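The entries below follow the order in which I looked things up.

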Amino acid sequence: MSDSSQEPQVYLDYQATTPVDPKVLSAMLPYFQGHFGNAASRNHSFGWDAEKAVENSRKSIADAIGASSREIVFTSGATESNNLAILGVARMYKPKGKHIITCATEHKAILDPAQYLVKEGWEVTILGVDANGHIDLDELRSAIREDTVLVSIMHGNNEIGTIHPIAEIGAICREKGTLFHTDATQTLGKEEVNVQDMNIDLMSASAHKMYGPKGVGILYVRRRNPRVRLEPVQHGGGHERGARSGTLNVPGIVGFAKALELCLEDREGEQKFVASMRDRLQKRLTDALDHVHLNGDENARLACNLNLSFAFVEGESMLMGMHGIAVSSGSACTSASLEPSYVLRALGVGDELAHSSIRFSVGRFTTEEEVDHAADLTIATVNKLRAMSPLYEMAMEGIDLSTVQWSGH
């Protein structure tokens, strides 16, 4: 067997997860050993120390998003936060109505709970998107009904990076008197996020997308104007003011707060750097290769995201050729399936192109050398695979493949 450790390992999958920043790890370490108490143990100093660390972190996170401490619920991650938001609101507001609205390009952690509600007799409106991944705001406005209890639209897309105009969506929901939830997993710490200015009533996020640890997330739940009430999804112990039972992950919570603090220290500078790495990679690839399609919105997208389709090449074959480069084909949570990405399908990308898509995502620790190495290997792999493709040869000869009559057996 070949020893893959000899090859340069380049990590370009920052949207799947990020490495923990060393400063975040340092902040967390004391809470594994010296200060290992349970934050719910109110009878001794070990518990008090843990509780103080949790409450300091809660305040720090709340301040960063324009919320108050009592509006932050700690969870195991954004998937749990999304489930708690959707199912918790649905069960609490059932007397008002049984209709929710979401979007075709949402993460499965939104679409799956929504589908679960359909089985319980709810009606779910799934808004379509345009070729850049944007919903039509007029369509949203007219989709909101008297019995609509929740609109859930993500801030930044995990596959194509498209950023939705959250403040405008929040304003529409407020005007119509319906609650608004956003999954800000890809944007918190990177884009401007303020729950007051954006009229956000519930918001999910995860630490591991912003150089914090895995296994810890938050759900922001508005307490005033309007007060949002949730029915818990998890019972036992009444932690987090009854919203989410379970012993708190103290080191993780400390890590979440520290990670967010570091992201906000120089958010604009960091995002500028990240975008420059992405643009360098995009330029290298599009200068060297033809028939490369950008998926998503060229302008309104996450700084870290580059989702490209390489026509006449199969995405899985590309990944096999790109040894030592960590990228993803489809989204990380569903890439075990061989179906083309449902997000790209929603944009109207054909199956062939969707199958040829690769998501590159860069981050804080990406270097120019890594970008150039990844570009060289990607270009070489695409050229090699296209050299074996009769379709590419036909396209080069000017044949319009959509007009070809393929004979059956």
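**Entry 1: basis.** I worked with a predicted model, in which local features need pLDDT of at least 70 and side-chain atom pairs count only at pLDDT 80 or more, while totals for chains, interfaces and linings use all residues. Residues are numbered from 1 along each chain as its sequence is written, and side-chain values use heavy atoms, with hydrogens and water left out.

**Entry 2: salt bridges overall.** I searched the whole structure and found 25 salt bridges. The criterion is a side-chain nitrogen of Lys or Arg within 4 Å of a carboxyl oxygen of Asp or Glu.

**Entry 3: arginine 58 and glutamate 240.** I looked up this salt bridge and noted 2.8 Å between the closest N and O atoms. The pair links distant parts of the chain, 182 residues apart: arginine 58 is in helix H2 (residues 45–65), and glutamate 240 is in the loop between strand S8 (217–221) and helix H7 (250–265). Helices (H or I, at least four residues) and strands (E, at least two) are DSSP runs, numbered from the N terminus. For accessibility I used three classes: buried is under 20% relative accessible area, exposed is over 50%, and partly exposed is in between (1.4 Å probe, protein chains only). Arginine 58 counts as buried because its relative accessibility is 4%. Glutamate 240, at 10%, also counts as buried.

Entry 4: In helix H2, aspartate 63 and lysine 59 lie four residues apart, about one turn of the helix. Their side chains meet in a salt bridge of 2.8 Å, N to O. Aspartate 63 is partly exposed at 49% relative accessibility, and lysine 59 is partly exposed at 45%. In helix H8 (residues 267–288), I found lysine 283 and aspartate 287, likewise four residues apart, about one turn of the helix. Their closest N and O atoms are 2.6 Å apart in a salt bridge, and both residues are exposed.

**Entry 5: a network.** I noted that salt bridges link Arg280, Arg284, Glu368, Asp372 and Asp376 in a network.

**Entry 6: a positive patch.** Which residues gather in a patch of positive charge on the surface? I listed Arg70, Arg227, Arg229 and Arg241. Patch residues have over 30% relative accessible area and no salt bridge, with like charges joined within 9 Å; areas come from the Shrake-Rupley method with a 1.4 Å probe. Lys and Arg count as positive, and the place of an Arg charge is taken as CZ. I located arginine 70 in the loop between H2 and strand S2 (72–75). Arginine 70 is partly exposed, with a relative accessible area of 46%.

Key. Patch = residues over 30% accessible without salt bridge, like charges linked within 9 Å, V, L, I, M, F, W, Y side chains within 5 Å.
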